Amino acid sequence: MPFFRALSVRAKEDELMDDFSMGGEELSEALKHLRRLNRIFAAPGPTRDGVEKLWQAIGQPQKLSILDVGAGSGDVNVKLLEWADRKGIELDIILVDMTEEACEEARHLFRHEPRVSVMRADLQELDDASADIVTGSQFVHHFDGQQLVDMVDHMRRASRYGVVINDIHRHPVSYTAVWVVTRVISRNRYIRHDGPLSVAKGFKGRDWQELKRKLQADAMTYTWKPLFRYSVVIPKQVISR
């Protein structure tokens with residue numbers, strides 16, 4: 001992955017993690033190293049903030065179910081569990097991923113946490129209204145064009161009340177930072193290739209505006225969060241229960 005690249009438009013090339021014929025120990029190692037990157041770049045914050053915003057909009061229920069798609073090892077949800085403890089919320093989280101390596105990492109990470117379950121599945125095959133809120137962290141940047149619209153629409157259908165997206169701000173500072181940090185912390189091929197490419201496939205405000213228009217989601221909001229991320233909230237309906 002080059003150190004210098006144009007970021008005026010979203011990159012089109014696939015990440016190594018998009019090739020499900022690969023995997024094995026190298027992918028499992030990459031998921032461990034990705035957790036380190038998530039801690040360094042404060043990845044959980046936008047998901048927690050978006051979930052709290054949607055939770056408030058639906059009347060602050062004391063029971064809440066979350067389905068995290070493309071979850072990887074699901075580490076961003078640790079902060080959600082801490083948030084639920086502070087708020088006194090009975091929280092259930094289902095982590096969904098298509099790869100067995102990710103599911104195994106998630107099962108190991110949350111082996112002592114009864115509020116978290118893991119399911120190997122394709123988002124497109126999930127039942128409608130599978131959970132109160134559907135989240136995706138660093139998930140939707142894997143898609144472009146109509147496929148992006150379709151995948152977010154699948155997320156909406158799988159939710160009862162709405163969707164929270166946490167994804168990357170495409171910016172020279174974030175690209176440079178990720179390029180450098182991935183090479184400092186890891187020799188893993190997935191991390192060194194996919195880390196910077198994830199930023200190049202990330203979003204700017206105009207990209208979210210275009211998605212909002214295509215989804216016809218007038219209530220959709222997007223908020224910039226440190227460190228170079230967006231918290232996107234797409235209410236399905238604003239209702240108290």
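Trainee: Which residues does isoleucine 234 touch, not counting residues up to four places away in sequence?
Mentor: Isoleucine 234 touches Val152, Arg156, Gly162, Val163, Ile165, Leu215, Ala217 and Met220. Contact means heavy atoms within 4.5 Å. This is a predicted model, where local features need pLDDT of at least 70 and side-chain atom pairs count only at pLDDT 80 or more, while totals for chains, interfaces and linings use all residues. Residues are numbered from 1 along each chain as its sequence is written, and side-chain values use heavy atoms, with hydrogens and water left out.

Trainee: Which residues touch the most other members of the largest nonpolar core?
Mentor: Val140, Met155, Ile165, Trp208 and Ile234, out of 28 residues. A nonpolar core is a set of buried (under 20% relative accessible area) Ala, Val, Leu, Ile, Met, Phe, Trp, Tyr and Cys residues joined through side-chain atoms within 4.5 Å.

Trainee: Which helix gives the most to this core?
Mentor: H5, with six residues. Helices (H or I, at least four residues) are DSSP runs, as are strands (E, at least two), numbered from the N terminus.

Trainee: New topic. Where does histidine 171 lie?
Mentor: In the loop between strand E5 (159–168) and helix H6 (172–185).

Trainee: Buried or partly exposed, that histidine 171?
Mentor: Histidine 171 is partly exposed, with a relative accessible area of 25%. Partly exposed lies between the buried cut-off of 20% and the exposed one, over 50% (1.4 Å probe, protein chains only).

Trainee: What is histidine 171 in contact with, leaving aside its neighbours within four places in sequence?
Mentor: Leu7, Val199 and Phe228. Lysine 204 is 33 residues from histidine 171 in sequence, and 8.0 Å away in space, C-alpha to C-alpha.
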